[in-house]
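Colleague: Let's walk through this one together, please.

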Amino acid sequence: MLAEVIDLLRCPHCGGELELGDGAARCAEGHSFDVARQGYLNLLPGDARTGSADTATMVRARAEFLAAGHYAPIAAAVADAAVSAAPAGETAEGPVIDLGAGTGYYLAAVLERLPKVQGLALDVSKHALRVAARAHPRIGAVGCDAWAGLPVRDAAAAVVINIFAPRDPAELARVLAPGSALVVVTPNRAHLAELVSAVGMLTVQERKRERLEGRLGTLFEPAGETAVERELVLSHTDLAALVAMGPSARHLDERQVAERVAALPDPLPVTLSVTVASYRRTPA
Ligand SMILES: C[S@@+](CC[C@H](N)C(=O)[O-])C[C@H]1O[C@@H](n2cnc3c(N)ncnc32)[C@H](O)[C@@H]1O
Ligand SMILES: [Zn+2]
């Protein structure tokens with residue numbers, strides 16, 4: 001619900017408080033932002049660059065793939081990490097922000113474990129926001145650009161989750177109160193490796209996590225990590241959705257993907273290998 005998260009937000013132009021009323025949120029300076037019919041609030045400035053936003057096709061594919069449950073072990077590990085990271089654990093009341101929330105799948109899993117907590121789903125894709133706004137009754141979905149300064153008040157969040165999505169460490173540090181936590185999911189080298197040559201999926205950047213820790217620098221300190229490793233057994237339908245929901249979809253057309261998937265065994269064993277890492281915001 002947007003009404004429950006409006007107090008966490010700030011005007012992207014002047015930084016002022018926002019108030020919600022008849023189909024829009026407004027600040028005292030008169031900046032106004034529409035609430036979309038589908039229930040999300042768009043705080044993106046009119047000239048925002050949204051080239052990295054997931055398309056309607058990508059979001060549909062992601063919703064389909066996640067609904068099949070293949071990434072449920074990741075969601076469970078993220079929820080575990082969020083519960084242990086939240087000040088006061090399962091009785092926590094502070095909000096959880098999901099940056100680059102996509103369909104809201106992981107945020108919904110976290111909220112199921114934290115019954116008093118509101119969730120704020122941030123994404124630049126209006127297609128993702130439409131789905132995220134309905135993913136859980138305690139989610140408010142808001143459009144913004146992770147690289148342009150988050151429209152979120154200082155120290156507003158108890159936990160931020162960030163899953164296969166962009167992050168600006170300085171902004172994450174700003175919106176997290178000292179002592180609160182960031183939970184990040186990054187793919188390991190083996191993740192979906194079978195599909196790299198078979199369907200031309202993009203490769204995982206080497207040493208992604210080491211680089212992440214370098215960038216989190218002095219703002220955060222490591223607070224534990226869990227490897228989630230499984231063999232997924234994926235049908236051709238699953239494989240097509242998996243390719244279509246990811247960044248490779250921008251480089252391959254539908255026909256190319258269909259041809260390459262058709263040439264694979266059905267079902268195909270594929271490695272899931274990600275790290276769920278927690279970081280604590282260091283005192284300022
Ligand atoms: C790979 S998807 C991951 C989505 C979700 N976390 C999940 O794992 O299902 C990356 C998400 O980041 C969003 N995104 C890309 N660039 C962004 C930006 N600059 N600011 C905010 N969100 C962005 C995309 O629209 C997409 O929903
Ligand atoms: Zn304003």
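Modeller: Helices (H or I, at least four residues) and strands (E, at least two) are DSSP runs, numbered from the N terminus. The model is predicted, so local features need pLDDT of at least 70 and side-chain atom pairs 80 or more, while totals for chains, interfaces and linings use all residues. Residues count from 1 along each chain as written, chains are lettered from A and ligands numbered from 1 in written order, and side-chain values use heavy atoms, without hydrogens or water.

Colleague: OK, which peptide bond is cis?

Modeller: The one joining D266 and P267, with omega at about 5 degrees. P267 sits in the loop between α10 (254–262) and β11 (268–281).

Colleague: Where's A88, and what's its phi?

Modeller: A88 is in the loop between α3 (72–85) and β5 (96–99). Its phi is positive, about 75 degrees, though A88 is no glycine. A88 is exposed because its relative accessibility is 58% (exposed is over 50%, buried under 20%, partly exposed in between; 1.4 Å probe, protein chains only).

Colleague: And A155?

Modeller: A155 isn't a glycine either, yet has a positive phi of about 55 degrees. You'll find A155 in the loop between β7 (139–143) and β8 (157–163), partly exposed at 40%.

Colleague: Switching to the metal: what coordinates the zinc ion (ligand 2)?

Modeller: C11 (SG), C14 (SG), C27 (SG) and H31 (ND1), at 2.1 to 2.3 Å (donors are N, O and S atoms within 2.8 Å, or 3.2 Å for Na, K and Ca; with no water among the atoms, sites may look incomplete). Their sequence spacing is C-x2-C-x12-C-x3-H.

Colleague: Is C27 buried or exposed?

Modeller: C27 is buried, because its relative accessibility is 7%. H31 comes out partly exposed at 25%.
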